[in-house]
Amino acid sequence: MTSLPAPVPHPAATEQRRWTLDSVQDLRRLRAELRDAVTGTLIDDDGLDRIAVVATELATNALRHGRPPTVIRLLEEPGHLILDVADHDLAGEPLFDQSRPIGSGGLGLHLARTFATDLGWYRTATTKHVWAVFTI
């Protein structure tokens, strides 16, 4: 397994929307409200689908492998939308599973890396964050 890089997040980005999830049942609401929040930006329908997939995958990972609550923020800076997904498990690290067979799950970070312009993670004193950037 290999870990994501841990670069500094995007400090100039401004928060546009925030969701707190307690269970996987909240994912449907996240996807619907995220689509509403992103509609009207310069992102096309394909980009909207990619953001929704990445948000779902990263939030699912946080819900399954992290500690609650899971907080998803939609951030914006000129030319970019940023998803920042946080949980409260400071011991764990987001990992790419290189050995898992296709069809056995574990593709969330791979999809995020494929669909996003950039991907990274960082820790604060209380939370672990995985973020994905999308060019608009």
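Let me begin at the N-terminal end of helix H2, which is capped by Asp 44: a side-chain oxygen of Asp 44 lies 3.3 Å from the backbone nitrogen of Asp 46. Please bear in mind that the model is a predicted one.

Is Arg 64 buried or exposed? Arg 64 has a relative accessible area of 63%, and because exposed means over 50%, Arg 64 counts as exposed. The C-alpha atom of Arg 64 is separated by 8.8 Å from that of Ser 23, although the two residues are 41 apart along the chain.

I turn now to helix H1, residues 27-38. This helix has 12 residues and reaches 16 Å between its first and last C-alpha, close to the 16 Å expected at 1.5 Å a residue. Its buried residues are Leu 27, Leu 30, Leu 34 and Val 38. They cover an arc of only 50° around the axis, and therefore sit on the same side of H1. The general principle is that an α-helix has 3.6 residues a turn, so residues three or four places apart point the same way. On the other side of H1, Arg 28 and Asp 36 are exposed. The cover over the buried residues of H1 includes strand S2 (14-21), H2, strand S3 (70-77) and strand S4 (80-87). Just after H1, Gly 40 takes a positive phi of about 105°.

The largest nonpolar core has 28 residues, of which Leu 30, Leu 34, Val 38, Ile 51, Leu 58, Ile 72 and Leu 83 touch the most other members. At least two residues of this core come from each of S2, H1, H2, S3, S4, H3, strand S6 (118-123) and S7. H2 gives the most, with 7 residues. Apart from this core lies another, of 6 residues, among them Ala 13, Leu 75, Tyr 122 and Val 133.

Definitions and conventions
Residues numbered from 1 in each chain as written. Predicted model: local features only at pLDDT ≥ 70, side-chain atom pairs only at ≥ 80, totals over all residues. Heavy atoms only, no water. Buried < 20%, exposed > 50% of the residue type's maximum accessible area, 1.4 Å probe, protein only. Helix = DSSP H or I, 4+ residues; strand = E, 2+ residues; numbered from the N terminus. Expected span 1.5 Å × (residues − 1). Arc of directions from axis to C-beta. Contact = heavy atoms within 4.5 Å. Polar contact = N/O pair within 3.5 Å; in protein donor to acceptor, adjacent residues only side chain to side chain. Core = buried A, V, L, I, M, F, W, Y, C linked by side-chain atoms within 4.5 Å.
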